[in-house]
Amino acid sequence: MPSPTLTQLRNIACAAALLAGAVGNAHADSVSVLLDVHGTADGDEFGSAVACVGDMNADGVDDYLMGAPFGFANRGYVRAMSSDGKEIWTVVGSGDVQYLGLTVVGVGDVDHDNVQDVVIVGIADQRREQTHEVVRFHSGSSGSLLRTVV
């Protein structure tokens, strides 16, 4: 099995940091919640995909993405969050893309604005004969769509 990449290790550390205290342990009175964020509705699976993505809002602290693939009637959404829990931007799936937010990951500076950009994965419209994943590149600074790969 190959060794994990630096990005994979950062994502593991990010997820662990976000979950620290919220999961609990045998000494529940010694556990403190570092950050408590919620999706828009029960069952949207907010947080089922998490990625640390660097400092997208220029506050000097790394930010993160949280996916909710079943939100907004299964269109799904992804929220970029600052480390203090404030929303930076939100992207919602459109009519032709469902379950947006199944996977989220930082991919480097695709649009050359000195801010790490992100990839968000969803599923193409299921009314077609075959479904397939849709990979969307979004600007880390604004959330705007940069390109789509089907």
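**One residue and its surroundings**

Mentor: Setting aside neighbours within four places in sequence, Arg 147 is in contact with Val 110, Val 135, Arg 136 and Phe 137; contact means heavy atoms within 4.5 Å. This is a predicted model, where local features need pLDDT of at least 70, side-chain atom pairs count only at pLDDT 80 or more, and totals for chains, interfaces and linings use all residues. Residues are numbered from 1 along each chain as its sequence is written, and side-chain values use heavy atoms, with hydrogens and water left out.

Stay with Arg 147. Arg 147 belongs to strand β8, residues 145-149. Helices (H or I, at least four residues) and strands (E, at least two) are DSSP runs, numbered from the N terminus. Arg 147 counts as partly exposed because its relative accessibility is 45%. The classes are buried, under 20% relative accessible area, exposed, over 50%, and partly exposed in between (1.4 Å probe, protein chains only).

Now step back to the chain. It has 2 helices and 8 strands. Their order along the sequence is α-β-β-α-β-β-β-β-β-β. Of its 150 residues, 34% are buried.

The largest nonpolar core holds 17 residues. Such a core is a set of buried Ala, Val, Leu, Ile, Met, Phe, Trp, Tyr and Cys residues joined through side-chain atoms within 4.5 Å. Those with the most contacts inside it are Val 53, Met 56, Leu 65, Trp 89, Val 104, Val 118 and Ile 120. Strands β1 (49-54), β3 (77-81), β4 (87-92), β5 (97-108) and β6 (117-124) each supply at least two of its residues. A second, separate core has 6 residues, including Phe 46, Tyr 64, Tyr 77 and Met 81.

Take Trp 89. Beyond four places in sequence, Trp 89 touches, among others, Met 56, Leu 65, Val 118 and Ile 120. Its contacts also include Ser 139, Gly 140, Ser 141, Ser 142 and Gly 143.

Most residues other than glycine have a negative phi. Tyr 99, not a glycine, has a positive phi of about 55 degrees. Tyr 99 lies in strand β5, and at 18% relative accessibility it counts as buried. Ala 73 also has a positive phi, near 55 degrees. Ala 73 sits in helix α2, residues 71-74. At 74% relative accessibility, Ala 73 counts as exposed.
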